[in-house]
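I opened the structure and kept short notes on each thing I looked up. The entries follow.

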Amino acid sequence: MAAAAAAAAGRVWRRVTATRVPALVARVLTAGPARAVHSCIDPSAGLSEDQKEFQKVAFGFAANEMAPHMTEWDQKEIFPVETMRKAAQLGFGGIYIRPDVGGSGLSRVDTSIIFEALSTGCASTTAYISIHNMCAWMIDKFGNEELRHTYCPPLCSMESFASYCLTEPGSGSDAASLITTARREGDYYILNGAKAFISGGGEADLYVLMCRTGDRGPKGISCLLVEKGTAGLSFGKKEKKVGWNCQPTRAVILEDCAVPISNLIGREGDGFSIAMNGLNGGRINIASCSLGAAYASILLARDHLKVRKQFGEPLANSQYLQFKLAEMATGLVASRLMVRNAAAALQEARQDAVALCAMAKLFATDECFTICNQALQMHGGYGYLKDYAVQQFMRDIRVHQILEGTNEVMRMLISRNLLHD
């Protein structure tokens, strides 16, 4: 009888908490910073009134349009096109793109604030939006006026989607060794090769692709825009991933793929520099997505500790768990400060911006994963169930320590800055 009663109690606890988790995520996010106005982890601390306003909009969108669907998108591997287009109506399709081509013209710090807020609703979807923004910025920054006005408006409205294509099966961290070739023939480049782990692959309409037009090494690389539907462009199978399941990942395959020379961004040989410039901002963006997941996970863990009882009292009464929660909060705030500092440095084009972006990406993605993992631990066995949002935040941001330059490469960039100073 005792065992049956315990089992029944467990089922009731699971049913009650499982049904309340989407509502809980939405509730804590709808209020956003206002609910945490006296909290030490308040993400609106230090922001201007304008920044607080668009942060509030982003939190509201995350709570109302993303969080209620986050689990379904993950489990059914749905690419939420219409939701992203709604986000674009708020200006989130081209956050740091110039206004004359449909962008919002905001700063890097503003962008970080928005991505952190959006990521509380779904880190995976926000991460794709961040990659899309990076691609649009590369065209806006380095493309000629014809390319800017042709491609940026539909990207900013997210009528079209973009993917970033640098990594190859044989060149990951050693990106300068890529072997995809672009041979000039008349008014076209003929592309041959393959790209690996491409977010949005097969679904995106435009591929910002790095290829070799010259000799070996970084100075032989150029950047081309390849449109979906171009003859010779195809895609590999949809990869099965631990997280990031609501955005498709495929290989991009090029077999005698003819691309007009007018689709060249910058000049021949500029491609590697353009790619790295894009990634500096991409590292801030992806770190910001980690911040949002960690913030949401702390709120979920905190509320769980208040209601879950063991040994006759709430878990929140355990000093060990109090200390762990304090460490999580400290790590989050330290990460946020580092990310926003790096974003400001990038906006100001400071000489230390590359190293600071690497530091922020390294520290924030490592720390935020630790926070999400600890939040899962605080949920006990329930945290390991897919009924609970905390496990998805943990799964979705694990890859942030790998992409946009692995955290091992971040250490290389930081040490290079110090040793070559």
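What radius of gyration would a compact globule with 421 residues have, and what does the chain have? I noted that the model is predicted, then looked up the value. The rule for a compact globule gives a radius near 22 Å, and the chain has 22 Å, so the two agree.

**Overall form.** I took the spans of the C-alpha trace along the principal axes and got about 80 × 45 × 40 Å. For secondary structure I counted 12 helices and 10 strands. Of the 421 residues, 55% are buried. I also checked the contacts between residues at least 6 apart in sequence: 74% of them join residues at least 24 apart.

**Surface and charge.** The accessible surface of the chain is about 17,800 Å², and carbon and sulfur atoms hold 55% of that. I found 43 positive and 41 negative side chains, with 8 Å between the centres of the two sets.

**Aromatic pairs.** I counted 8 aromatic pairs, with ring centres within 6.5 Å as the cut-off. One of them is Tyr 128 with Phe 161, a tilted pair with 6.2 Å from centre to centre and 50° between the planes. This pair links distant parts of the chain, 33 residues apart: Tyr 128 sits in helix 6 (residues 123-142), and Phe 161 is in the loop between helix 7 (145-156) and strand 1 (162-165). Tyr 128 has 0% relative accessibility, so I logged Tyr 128 as buried. Phe 161 has 2% and is buried as well.

I then looked at Tyr 207 and Phe 235, whose ring centres are 5.5 Å apart; their planes are at 40°, so the pair is tilted. Here too distant parts of the chain are linked, with Tyr 207 in strand 4 (residues 206-212) and Phe 235 in strand 6 (residues 233-235), 28 residues apart. Tyr 207 is buried at 0% relative accessibility, whereas Phe 235 is partly exposed at 26%.

Which residues form one aromatic cluster with Tyr 128? I found Phe 79 and Phe 161 there.

**Positive phi.** Glu 77 has a phi near 55° and lies in the loop between helix 3 (70-76) and helix 4 (81-89). Its relative accessibility is 21%, so Glu 77 counts as partly exposed; the cut-off for buried is under 20%.

Asp 256 has a phi of about 50° and is found in strand 7 (residues 249-260).

Technical notes: Residues numbered from 1 in each chain as written. Predicted model: local features only at pLDDT ≥ 70, side-chain atom pairs only at ≥ 80, totals over all residues. Heavy atoms only, no water. Helix = DSSP H or I, 4+ residues; strand = E, 2+ residues; numbered from the N terminus. Buried < 20%, exposed > 50% of the residue type's maximum accessible area, 1.4 Å probe, protein only. Rg over C-alpha atoms; globule rule 2.2 N^0.38 Å. Contact = heavy atoms within 4.5 Å. Areas by Shrake-Rupley, 256 points an atom, 1.4 Å probe, with all protein chains shown as cover. Lys, Arg positive; Asp, Glu negative; His and termini not counted. Charge placed at Lys NZ, Arg CZ, Asp CG, Glu CD. Phe/Tyr/Trp six-rings, centres within 6.5 Å; stacked < 30°, edge-to-face > 60°.
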